[in-house]
Amino acid sequence: MMLGIALAPLLVSGAKAFSSITTANPAAARTCPPPSNSRLASSLSTSQLTAVGSNSNERTPIGQGSYVALITPMTPTGAVNLVELRVLLRLHLEAGTDGLCILGTTGEASVLTMAERKQVLDVAVEEVKGKIPILVGTGTIDPEHVKEQTQQAIDCGCDASLVVTPYYVKPPQRALTRHFETIADLGLPVCIYNVPGRTGVDFLPDSIAQVADHPNIVAVKEATGDVSRVSQIHDALAANGVARDSLLLFSGDDGTTDDFVLSGGDGCISVTANIAPARMHNLMMSALQKDKEEVDRINAPLRNLHSTIFCEANPIPIKWALQRMGKIDCAYLRPPLDELSPDCYGAVEIAMKEAGLLF
């Protein structure tokens, strides 16, 4: 059920309400050039803050609310299904999703080629550019590859990058701060992604505060599941003389998103939003208004779903759930992942029925 909430999302650059959905899209004819390392500056300094791509004057600022961590739909043979991708993007515009996060973990970005990434970004720009912010996962283990993917996002006309801490190699905090500042120097706004359960390294609140005064570091996706991180980061920002509202804090853990935002966070980057987009938007709007009673009412039917869609590695269950709802034709995932085990079907169906997604 849609709520009559008229809260304009807070933007890093000021208050702004998203405009109503229109069919006209001036960016629809834009496509990005093939990826090239030749455009990457080899020695950018912190004073070089303007993106070398073409979209720096056309960006939609990252704001508060519910961002969907979108899946990448595929055909039964494993090709990217661009037709279904368009359908999903339009669904999210209609449902009131506040922002798009593509080519992240949920989007299986680690097994897509640069050419396939270009296809996905082109479709996203054609469908939602200027309507909701486009946040693109560009993080990986190799900084040079992060630069290449970030440059591609700039050239395609995207609005910001989601950069995960380099995984497996466990960089020290000083190396992580240098890494994020280096990527931010490319000119595209950066949302830092901290998910130690996947990467093996935790980017700590004091380190976040050290990089938060960089004009292109605008947000953090905090996926520790620790709600106290909101106050810890805010305290660290204050101790470093950085304004609290200069850095948006997004929950990357659906199960604690309500408390995260009630505690002072700014929204979520949500897997649940793939199948319950309107309710995740309403949940975030109520939490931003600190209406705990309404938050509890909206979230109660979703609580089991938040956890059950992680019964196997993300995005295995959420793709199955989308197929079960008829939103995609198949739940194919590229190796090394696999489709959902039949042993999990029952639990996911129960959670979906509790959420009112199946009858």
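1. The buried residues of helix 12 (buried means under 20% relative accessible area, with a 1.4 Å probe and protein chains only) pack against helix 11 (303-308) and helix 13, where contact means heavy atoms within 4.5 Å. Helices are DSSP runs of H or I with at least four residues, numbered from the N terminus.

2. This is a predicted model, in which local features need pLDDT of at least 70, side-chain atom pairs count only at pLDDT 80 or more, and totals for chains, interfaces and linings use all residues. Residues are numbered from 1 along each chain as its sequence is written, and side-chain values use heavy atoms, with hydrogens and water left out.

3. Helix 12 is largely enclosed by the rest of the structure, because seven of its nine residues are buried. These are Ile316, Pro317, Ile318, Lys319, Trp320, Ala321 and Leu322. Just after helix 12, Gly326 has a positive phi of about 80°.

4. Helix 12 (residues 316-324) packs with helix 13 (residues 345-354) at an angle of about 65°, and their axes are 11 Å apart. Axes are lines fitted to C-alpha atoms over the stretch in contact, and angles run from 0 to 180 degrees between N-to-C directions. On the helix 12 side, Trp320, Ala321 and Arg324 meet Tyr345, Val348, Glu349 and Met352 of helix 13.

5. Helix 1 (residues 82-95) and helix 2 (residues 114-128) pack at about 35°, with axes 10 Å apart. Residues in this contact include Leu85 and Leu89 of helix 1, and Val120 and Val123 of helix 2.

Terms used. Helices (H or I, at least four residues) and strands (E, at least two) are DSSP runs, numbered from the N terminus. Buried means under 20% relative accessible area, exposed over 50%, partly exposed in between (1.4 Å probe, protein chains only).
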